[in-house]
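Please brief me on this protein model.

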Amino acid sequence: MIYLDHNATTPLAPEVFDAMHPYLARHFGNPSSIHAAGREARAAIDDARDRLARLLGAKSHEIIFTGGGTESDNLAVIGLARACAAQGRHLITSATEHHAVLHAFEHLEKKEGFRVTWLPVDRHGRIDLDQLAAALTPETTLVSIMSANNETGTLQPVAEIGALCRERGVIFHSDAIQSFGKEPIPKGACDALSLTAHKFHGPKGAGLLYLRAGLPVERLQHGGSHENQRRPGTENVAAIAGLARAAELALASMDAERPRQAAFPAAVMNGDPRARLANTLNVSFPGLEGESLLINLDLAGICASSGSACMVGSIQASHVLLAMGVPPALAQATVRFSLGHETTAAEIELAISKLPEIFARLVAQDES
């Protein structure tokens, strides 16, 4: 099997498994308990929080552990919007965000009376900074723009967005779930930042929200005073330990991984040709059909994706590509290849060698 779907999820790194194992076995205590077993678990969480804060250039109390990227995005978008509603009820995001952000904004707009500006993107998937500046009003409290798109790999100008928002006194959240460990995050650019471990060889079910000190956030769940009363629930100690170790490994290998993964040959590409993640190639094949492409790739031992793995098996035109102006028929004939740390040059060459036969078979089927 050639696994080229790392933007969907990544295999657990052996070093991460080793970091998690003690808390899956011997150190099983509840971190809220005051006895020795509980204190051992609490110490692991405190240590992970400190290490992650150092990696992000943050303070330890600015790290909120969550159950993953969707929860981190929801807590940032809904929690910040509600907490700041007295200052204004206007919010800004882009049309190509992950559904964890898009659906959170849609909820606020449809159910809670907030006004949302949905910024368009250009044909490469990037927002226009002048359009963002024009959209800001005295009632704007929150801007949420992802750092890198999960489907195309297109990078947004995070540093410039952050500077503009600071100048206007607006909170800036960025979904950095795809970019962390692949591209540097500009220090101090974001007031809030979402991450999830399984995108960089950590465990599923572990994420974090960085939230700048002093910013209010309304909790989305109720039931306990965990995470400084911002996210209740008994912490997943093993997953948090794995998250911290995975983050350290990802940043340590980032500079070496970017040029290695960028060597993947390009074809007809969707996304910005320069401002993009090195590991992501989003390709459309005119005249073919996305589901047939994926099935035939799978039969050939190649794991790829149509884009977002969170659409639960559905093959439909990507909202990201449609927002970029890609025609619906072409958007449905699209495959995303995403490389990871363990992807080898030999695997890429083998995958490439299988593609012509697959395409020829599909074309023949369409013509028959």
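The points below are grouped by topic.

This is a predicted model: local features need pLDDT of at least 70, side-chain atom pairs count only at pLDDT 80 or more, and totals for chains, interfaces and linings use all residues. Residues are numbered from 1 along each chain as its sequence is written, and side-chain values use heavy atoms, with hydrogens and water left out. The largest pocket has a volume of about 420 Å³. The largest nonpolar core holds 53 residues.

**Largest pocket**

- A pocket is found on a 1 Å grid over the protein atoms alone, with a 1.4 Å probe; it is an open set of points with protein on both sides within 12 Å along at least five of seven lines.
- Its volume is the space filled by probe spheres set on the points, and grid points are joined across faces, edges and corners.
- Lining residues have an atom within 4 Å of a point.
- The lining of the largest pocket has 27 residues, and the closest to the pocket centre are His-201, Ala-250, Ser-253, Glu-257 and His-341.
- Helix H1 (14-24) and helix H8 (237-261) each supply at least two lining residues.
- H8 gives the most to this lining, with nine residues.
- Helices (H or I, at least four residues) and strands (E, at least two) are DSSP runs, numbered from the N terminus.
- By class, the lining divides into twelve nonpolar, nine polar and six charged residues.
- Here Ala, Val, Leu, Ile, Met, Phe, Trp, Tyr, Cys and Pro count as nonpolar, Asp, Glu, Lys and Arg as charged, and the others, Gly among them, as polar.

**Nonpolar cores**

- A nonpolar core is a set of buried Ala, Val, Leu, Ile, Met, Phe, Trp, Tyr and Cys residues joined through side-chain atoms within 4.5 Å.
- Buried means under 20% relative accessible area, exposed over 50%, and partly exposed in between (1.4 Å probe, protein chains only).
- In the largest core, Leu-56, Phe-65, Val-143 and Leu-208 touch the most other members.
- H8 gives the most to this core, with nine residues.
- A second, separate core has 23 residues, including Leu-75, Ala-81, Cys-84 and Val-116.
- Beyond neighbours within four places in sequence, Leu-56 is in contact (heavy atoms within 4.5 Å) with residues including Ile-63, Phe-180, Leu-208 and Tyr-210.

**Buried strands and their pairing**

- Two strands pair if DSSP finds at least two bridges between them.
- In strand E3 (residues 90-94), five of five residues are buried.
- His-90, Ile-92 and Ser-94 point one way from E3, while Leu-91 and Thr-93 point the other way.
- E3 runs parallel to strand E4 (residues 115-119), joined by five bridges; Leu-91 stands opposite Val-116 there.
- E7 is largely enclosed by the rest of the structure, because five of its five residues are buried.
- One side of E7 carries Ala-192, Ser-194 and Thr-196, and the other carries Leu-193 and Leu-195.
- E7 pairs with E6 in the parallel sense over three bridges, with His-173 partnered by Ala-192.
- E9 (residues 280-284) and E11 form an antiparallel pair over five bridges, in which Asn-282 is partnered by Arg-336.

**Links across the sequence**

- Cys-303 sits in strand E10 (residues 302-303) and is buried at 16% relative accessible area.
- Cys-303 and Asp-5 are 298 residues apart in sequence, yet 6.1 Å apart C-alpha to C-alpha.
- Contacts of Cys-303, leaving aside neighbours within four places, are Met-1, Ile-2, Tyr-3, Leu-4 and Asp-5.
- Gly-181 lies in the loop between strand E6 (171-175) and strand E7 (192-196), and is buried at 14%.
- Gly-181 and Ala-247 are 66 residues apart in sequence and 7.2 Å apart C-alpha to C-alpha.
- Gly-181 touches Ala-250, Leu-251 and Met-254, not counting residues up to four places away.

- Most residues other than glycine have a negative phi.
- Glu-227 has a positive phi of about 50°, and Asn-228 has one of about 55°.
- Glu-227 is buried at 5% relative accessible area, whereas Asn-228 is exposed at 54%.
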